[in-house]
Amino acid sequence: MTRYIDVQDLARLVNRKGLSTCLVEMAEYIRQDYLRWQDFEKCARLANHSPDGVIELMPVSDHNLYAFKHVNGHPKNTRDGLLTVMAFGALSRVDTGAPVLLSEMTLTTALRTAATSALAARYLAREDSRSMALIGNGAQSEFQAIAFKTLLGIDEIRLYDIDPTATAKLVANLADRPGLKLTVAGSVAEAVRGADIVTTVTADKAYATILTPEMIEPGMHLNAVGGDCPGKTELHRAIVEAARVIVEYEPQSRIEGEIQQAAADLPVTEFWKVVTGQVPGREHDRQVTLFDSVGFALEDYAALRYVLDCAQALDIGQDIELVPTLENPKDLYALLQPRRVGIRAAHPASCAIA
């Protein structure tokens, strides 16, 4: 049987555990899987582009589980009452190919993106970082704010969005978060000035320069989330070329990340090397670090693994017969003949989680 998690199931799971707890625990799942980087069969995601957006398939596997996510990015969707990003995903057993989890991943992706951002900042930002500028206050913004508060102790966030109603929404949603000071800025430059960390989460599919060189101060950590497909950036090229750049998976980031606009030989470091201690995240306190985050399938693998573990422990979701279970596995035709004795009761599939 396959565990099925819909949107309401995932919301129930997060509410029962608590959002902050989920972010901390998911970040740890992601960290543990980055520590096993060499165990995974990896590739850049497969993308189909159109004038309005992109639809992507993100696969990855180790010796136990195969994971994929189907996800889109359509910036104009909000005009029609649709989310910019929508996703679903699955886990299957590598030894048999049997699916063990089919899950919503729109809310899950927001959680894993924020958890990954904060996890990277733990390695790359200065240890005394307490303030963050959050540029782009849309669907991802609350998760980023709470993740940085929970995992790094960020207690002041300066907010800016070209849409003031998005910022008002964010302020209202976080009004009851204790120990978090929110300041609405009148411009990107005002929000960024003096910030220890700058997170950009914008949605336009365009070569944009949300941050320009004169805004960058020594010791800043830049968390660039919005530049996640070809033809989409948030940072001026000079910022990218001057920073210490950390990426998730270089072959994918060269195509989709902020580094798509830089020289092909720009030196970058993959995040797994930082997590495993092979290289330092930050070399000195005045260095500008950049996490060029485009989202990688390994993080979705970890997120799906976390969802499955929690769903089983909390008995959330339902077991469905996504694929047939037959008395005679060579007689698929029996499914079309209900009077024939050929279909037996399904047995739950074992979920051996790495």
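Predicted model: local features only at pLDDT ≥ 70, side-chain atom pairs only at ≥ 80, totals over all residues.
## Basis of the description

Residues are numbered from 1 along each chain as its sequence is written, and side-chain values rest on heavy atoms, with hydrogens and water left out.

## The parallel sheet

An open sheet of 8 strands is arranged in the order β9-β8-β7-β10-β12-β16-β14-β15, and its pairing is parallel; strands (E, at least two residues) and helices (H or I, at least four) are DSSP runs numbered from the N terminus, and two strands pair if DSSP finds at least two bridges between them. The edges are held by β9 (181-184) and β15 (269-270), each of which has a single partner strand, so one side of each is left without a neighbour in the sheet.

Helix α4 (residues 141-152) packs on this sheet and touches β7 (131-135), β8 (156-160), β10 (197-200) and β12, its direction making about 165° with that of β7. Helix α5 (residues 164-173) also packs on the sheet, where it touches β7, β8 and β9, and its direction makes about 155° with that of β8. Contact here means heavy atoms within 4.5 Å, while axes are lines fitted to C-alpha atoms, for helices over the stretch in contact, with angles from 0 to 180 degrees between N-to-C directions.

## Strand β16 and its partners

Strand β12 (residues 221-224) pairs with strand β16 (residues 289-292) in the parallel sense over 4 bridges, with His221 opposite Thr289 and Ala224 opposite Asp292. Strand β14 (residues 244-247) likewise pairs with β16 in the parallel sense over 4 bridges, and here Arg244 stands opposite Thr289. In a regular strand the side chains alternate between the two faces of the sheet. In β16, Thr289 and Phe291 point one way and Leu290 and Asp292 the other, and all are buried, buried being under 20% relative accessible area, exposed over 50% and partly exposed in between, with a 1.4 Å probe and protein chains only.

His221, which lies in strand β12, is buried with a relative accessible area of 0%. Not counting residues up to four places away in sequence, His221 touches Ala121, Leu124, Ala125, Asp196, Ile197, Val198, Arg282, Thr289, Leu290 and Phe291.

Strand β3 (residues 53-61) and strand β4 (residues 65-73) pair in the antiparallel sense over 8 bridges, and a hairpin joins β3 to β4 through 3 residues; Ala67 in β4 is the bridge partner of Val60. Strand β4 also pairs with strand β5 (residues 87-93) in the antiparallel sense, over 7 bridges, and Leu65 stands opposite Arg93 in β5. By contrast, strand β1 (residues 2-5) and strand β6 (residues 99-104) run parallel and are joined by 3 bridges, with Leu101 in β6 as the bridge partner of Arg3.

Leu13 has its place in helix α1 (residues 7-17) and is buried, with a relative accessible area of 2%. Leu13 and Ile316 are 303 residues apart in sequence but 6.9 Å apart in space, C-alpha to C-alpha. Beyond residues up to four places away in sequence, Leu13 touches Cys22, Val307, Cys310, Ala311, Leu314 and Ile316.

Helix α3 (residues 106-124) packs with helix α10 (residues 297-314) at an angle of about 120°, with their axes 10 Å apart. The two helices are therefore oblique to each other, since angles under 35 degrees count as roughly parallel, over 145 as roughly antiparallel, 65 to 115 as roughly perpendicular and the rest as oblique. Thr108, Thr109, Arg112 and Thr116 of α3 make the contact with Glu299, Asp300, Ala303 and Val307 of α10.
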